[in-house]
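Hello,

Here is the structure I promised to pass on to you. My notes on what I found in it follow below.

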Number of protein chains: 2
Amino acid sequence: MAGSLRESERSFTATSPLDGEKLSGRFSIASLDDVESAMQAAGEASEVLASSSGEARATFLETIAAGIMDLGDSLIDRAMRETALPAARLVGERARTCNQLRMFAAAAREGSWVDARIERGQPDRQPLPRPDLRRMKRPLGPVVVFGSSNFPLAFSVAGGDAASALCTGNPVVVKAHRAHPGTSELVAEAVQRAVVACGLPPGTFSMLHGEGSVIGTALVRHAACRAVGFTGSRAAGRVLCDVAAARPDPIPVFAEMSSLNPVFILPGALDARGDEIARQFVASMTLGVGQFCTKPGLVCAVQGAQLERFKAKVAEAVSAMLPASMLSADILAAYEHGSDAMARGPGTAVVSRAAVQPDGAKTEAAALVTATDATTFLAQPELAEEVFGPFSLIVAAESLAQLATLSRHLDGQLTATVHGSAEDLAAAGGLMDILAGKAGRLIINGFPTGVEVGDAMQHGGPWPATSDSRFTSVGTAALERFIRPVCYQDVPQHLLPPLGLSRRVEGVVGRH
Amino acid sequence: MAGSLRESERSFTATSPLDGEKLSGRFSIASLDDVESAMQAAGEASEVLASSSGEARATFLETIAAGIMDLGDSLIDRAMRETALPAARLVGERARTCNQLRMFAAAAREGSWVDARIERGQPDRQPLPRPDLRRMKRPLGPVVVFGSSNFPLAFSVAGGDAASALCTGNPVVVKAHRAHPGTSELVAEAVQRAVVACGLPPGTFSMLHGEGSVIGTALVRHAACRAVGFTGSRAAGRVLCDVAAARPDPIPVFAEMSSLNPVFILPGALDARGDEIARQFVASMTLGVGQFCTKPGLVCAVQGAQLERFKAKVAEAVSAMLPASMLSADILAAYEHGSDAMARGPGTAVVSRAAVQPDGAKTEAAALVTATDATTFLAQPELAEEVFGPFSLIVAAESLAQLATLSRHLDGQLTATVHGSAEDLAAAGGLMDILAGKAGRLIINGFPTGVEVGDAMQHGGPWPATSDSRFTSVGTAALERFIRPVCYQDVPQHLLPPLGLSRRVEGVVGRH
């Protein structure tokens with residue numbers, strides 16, 4: 001048929017990075033008609049979801065969590081084959097995913113995310129009466145979520161973006177990540193079963209497969225789309241931001257993109273704990289084959305014998321690291337390209353590379369650490385670009401003052417870490433102020449990998465770490481991305497939407 | 001001197017809309033070097049302000065308020081001459097401006113805007129210890145504020161945008177509105193005196209004069225600029241949003257642009273209170289010569305004898321309105337252009353025009369109300385464009401169902417109003433849900449002009465009402481525009497920034 005696509009262009013299969021095996025299942029690539037249908041259904045579901053009860057949303061999220069657990073080993077097995085992540089990690093990530101769903105269920109049920117602010121009418125106020133004002137948050141409308149490569153469960157189909165959007169009454173349309181379509185389908189089916197079981201409109205949740213540059217941008221351009229959640233590369237995130245900003249009605253994009261997660265080691269700490277920090281640093285930068293967005297990709301310290309000893313300890317640990325399979329061949333190729341460029345210099349030296357040769361057939365990567373001096377680093381912007389994978393760069397500064405200069409020079413970051421003795425820290429207030437101005441999370445004497453999921457987490461920092469530093473994609477505050485306030489003026493009580501349990505009444509916060 | 005500007009291109013004078021008189025004073029048009037200096041100074045002031053105490057910021061804001069009051073009649077007189085707004089209105093606006101400054105001073109002092117969320121360390125947690133996590137908001141950095149034409153005090157140099165940015169520790173650079181440079185200078189001098197009196201860095205506050213398309217965009221493009229506050233036209237707001245989105249690091253723009261503020265009158269209310277609503281509606285649409293962003297520019301009701309009677313009552317009130325001076329000749333020209341187009345149709349009819357002829361030499365405008373039917377309105381998008389000034393359009397629907405269709409058809413709005421009897425409202429849940437999805441404030445049996453300044457106000461709605469419906473430019477919540485969270489992980493207590501009085505500790509909000 002003229003103009004139609006061949007079967008291979010309308011569907012695709014998954015390949016395992018572990019051994020290149022073609023995995024079972026064919027996945028349909030969405031057409032622009034599919035985009036239209038999914039977004040239109042989401043638009044229609046919006047009003048129903050906006051007026052659904054917190055209890056109904058909570059039950060829905062809990063039903064999704066139960067459905068994911070019911071998938072049992074089939075989910076873990078498929079995710080292992082598609083992502084090369086080990087079973088224990090995936091079991092842990094599944095637990096996190098379900099815990100997130102239950103955490104947002106609790107938030108939906110408790111309901112204080114509406115941030116109710118009440119100022120009662122004062123009909124006798126002079127010179128003019130005050131109307132009754134009640135400000136509450138409500139859902140934005142359909143949210144488009146892009147599944148990530150590195151968290152096939154916790155930041156994909158029913159991950160934090162989707163859970164926080166659904167919790168607050170927004171329909172979700174997921175663009176599945178191409179690297180793990182089977183995993184995505186299994187979870188999407190669990191979500192769709194929950195939609196049916198809970199009697200919600202079908203447009204509450206949809207998932208499409210396809211290229212981000214075609215299907216992804218069409219979703220973001222669609223008139224019904226009200227917000228976007230994305231975790232991925234800086235280039236792809238920028239494209240989505242630009243598409244959203246060019247709409248007749250620009251919409252918010254929450255893109256988590258790129259971060260070096262710098263670690264500053266101050267002299268007292270280097271002296272007292274250099275060997276231990278070296279060991280922990282290598283463990284952090286190679287955790288999950290360096291495929292965490294919080295991987296420490298940059299270490300800054302003052303030059304000298306202690307730093308040389310630190311580098312030697314790092315070299316020892318890195319050379320002993322076994323190569324490991326990355327998430328996909330594309331990601332390995334990008335890692336090899338990026339880390340090779342870093343190794344070649346100019347002005348950089350290889351500190352160490354994993355001794356055992358990686359096996360390309362297994363999509364394996366070798367850990368690499370390079371080093372340079374601060375003057376070179378400051379002069380070469382490309383040295384400050386993230387290399388996704390088990391790579392990090394050690395920068396030697398001439399002095400504490402140059403460490404501060406380095407910190408000022410950095411782009412926005414998800415995290416910034418300072419290792420220091422009590423004396424170091426007492427003297428480093430300026431450095432910490434600069435870093436708090438650059439990063440979403442400031443860590444003292446720890447490492448950035450390992451992101452707690454709770455009230456107090458901030459996972460989001462100034463550009464290019466994320467597209468909007470005012471919001472987080474991890475923790476309960478993530479739901480703030482998908483809501484907006486409405487002030488109800490003189491609306492009769494019985495017509496008002498439900499209040500949460502905690503309210504600000506005449507300026508005082510509490511349970512009234 | 002080759003390449004230099006003539007005096008008339010480097011400075012300008014103000015003209016009174018009341019009589020065309022050239023007013024005293026010449027105002028320098030900023031150069032791009034001035035932009036660079038102001039933004040660089042703001043960048044340098046950022047770190048100092050970020051670590052200043054709430055008490056210091058509160059004192060600063062209160063000193064500004066006192067300084068504005070100290071200007072006495074000179075400020076009111078100049079503002080009257082520059083804006084044609086009556087003295088009583090300006091005295092009221094000055095009171096609002098100073099109250100806003102004091103309100104944000106109180107917020108700075110109280111400090112709970114940092115929204116502290118504390119999850120204490122659990123070193124013994126299994127399988128992994130939990131770090132100590134404290135999430136607090138901190139300032140974004142330099143904010144560029146564009147003075148508005150219609151609130152020469154309350155939304156200009158020391159208005160709500162500037163006060164909420166300063167309250168949270170952000171330096172401010174104001175681009176003064178060209179229509180009231182003398183008023184702006186007087187207030188800017190009061191702010192600068194407060195900067196000196198409070199010992200703050202000079203970059204805490206600057207003001208520049210110049211064209212928005214040159215100086216305004218240069219300010220928004222500047223690397224040090226972290227956020228933008230704007231109140232003005234849709235076209236100018238869009239330009240600023242586009243400039244901000246095209247930066248290497250996009251920044252948030254809070255633009256308040258364009259709103260019809262639709263008023264839906266349901267049959268029971270039209271029947272019972274039609275005459276009173278007509279009178280109040282004309283008072284609201286002509287308040288301040290229709291130059292409020294919340295002016296009701298659209299009335300929707302079901303056709304019939306009651307609506308015809310309503311239109312006759314509106315016609316009576318409008319024809320009796322005296323012409324009044326608008327803010328500037330440019331604004332009058334735009335009003336005449338827009339209202340003439342609305343009067344010409346096609347498909348629209350003039351309901352009434354103020355009977356007394358306006359005097360062009362006094363920059364006077366005549367109130368105008370036109371009417372059309374819903375089918376015409378739905379077919380002609382240009383009928384849904386805001387006309388800034390004393391104009392409104394009455395749209396007759398065939399049925400309640402067509403009223404709902406009209407409501408769905410609307411763009412985003414600052415406000416939406418429903419007039420209804422108890423029976424009307426009980427049956428109109430669907431309409432109110434649609435309007436809550438379209439507007440930032442939903443008003444029952446009232447009028448949108450008159451915006452309370454408090455905790456519960458929301459002044460911001462979906463595009464094109466504002467560029468970001470998640471935030472408000474009026475009320476205490478306005479300060480949320482200029483802050484972002486940072487999570488402090490295992491930071492020793494004595495190095496933490498101060499907490500506010502109200503905190504969320506282990507999930508529970510209160511004063512701990």
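A definition to begin with: two residues count as in contact if their C-beta atoms, placed from the backbone, lie within 7 Å. This is a predicted model, so local features need pLDDT of at least 70 and side-chain atom pairs count only at pLDDT 80 or more, while totals for chains, interfaces and linings use all residues. Residues are numbered from 1 along each chain as its sequence is written, and chains are lettered from A and ligands numbered from 1 in the order in which they are written. Helices (H or I, at least four residues) and strands (E, at least two) are DSSP runs, numbered from the N terminus.

Let me start with a helix pair in chain B. Q100(B), L101(B), F104(B), A107(B) and A108(B) of α5(B) meet G160(B), A163(B), S164(B) and C167(B) of α6(B). The two helices, α5 (residues 87-110) and α6 (residues 160-167) of chain B, pack at about 15° with their axes 9 Å apart. Axes here are lines fitted to C-alpha atoms, for helices over the stretch in contact, and angles run from 0 to 180 degrees between N-to-C directions.

Chain B also has an open sheet of 5 strands, in the order β7-β6-β5-β8-β9 with parallel pairing; two strands pair if DSSP finds at least two bridges between them. β7 (205-208) and β9 (253-256) of chain B stand at the edges with a single partner strand each, so one side of each has no neighbour in the sheet. On average, neighbouring strands of this sheet are turned by 15° against each other, direction ignored. Strands β5 (residues 143-146) and β6 (residues 172-175) of chain B run parallel and are joined by 4 bridges, and V143(B) stands opposite V172(B) in β6(B). Helix α9 (residues 234-245) of chain B lies across β8 (227-231) and β9 of chain B, at about 170° to β9(B).

Now for burial. A residue is buried if 20 or more other C-beta atoms lie within 10 Å of its own, exposed if 12 or fewer, and partly exposed in between, with C-beta atoms placed from the backbone. A105(A), found in helix α5 (residues 87-110) of chain A, is buried, with 24 other C-beta atoms within 10 Å. Not counting residues up to four places away in sequence, A105(A) touches A58(A), L61(A) and E62(A).

L61(A) turns up again in the largest nonpolar core, which has 332 residues; those with the most contacts inside it are L61(A), V228(A), V395(A), L61(B), V228(B) and V395(B). Such a core is a set of buried Ala, Val, Leu, Ile, Met, Phe, Trp, Tyr and Cys residues joined through C-beta atoms within 7 Å. Leaving aside neighbours within four places in sequence, the contacts of V395(A) include L298(A), F377(A) and L406(A).

Finally, the contact between the chains takes 56 residues from chain A and 56 residues from chain B. Elements of chain A that each supply at least two residues to the side touching chain B include α2 (32-50), α16 (429-436) and β19 (483-489). The largest share of that side, 6 residues, comes from β19(A). As for α16(A), 6 of its 8 residues are buried, among them L431(A) and I434(A).

Best wishes
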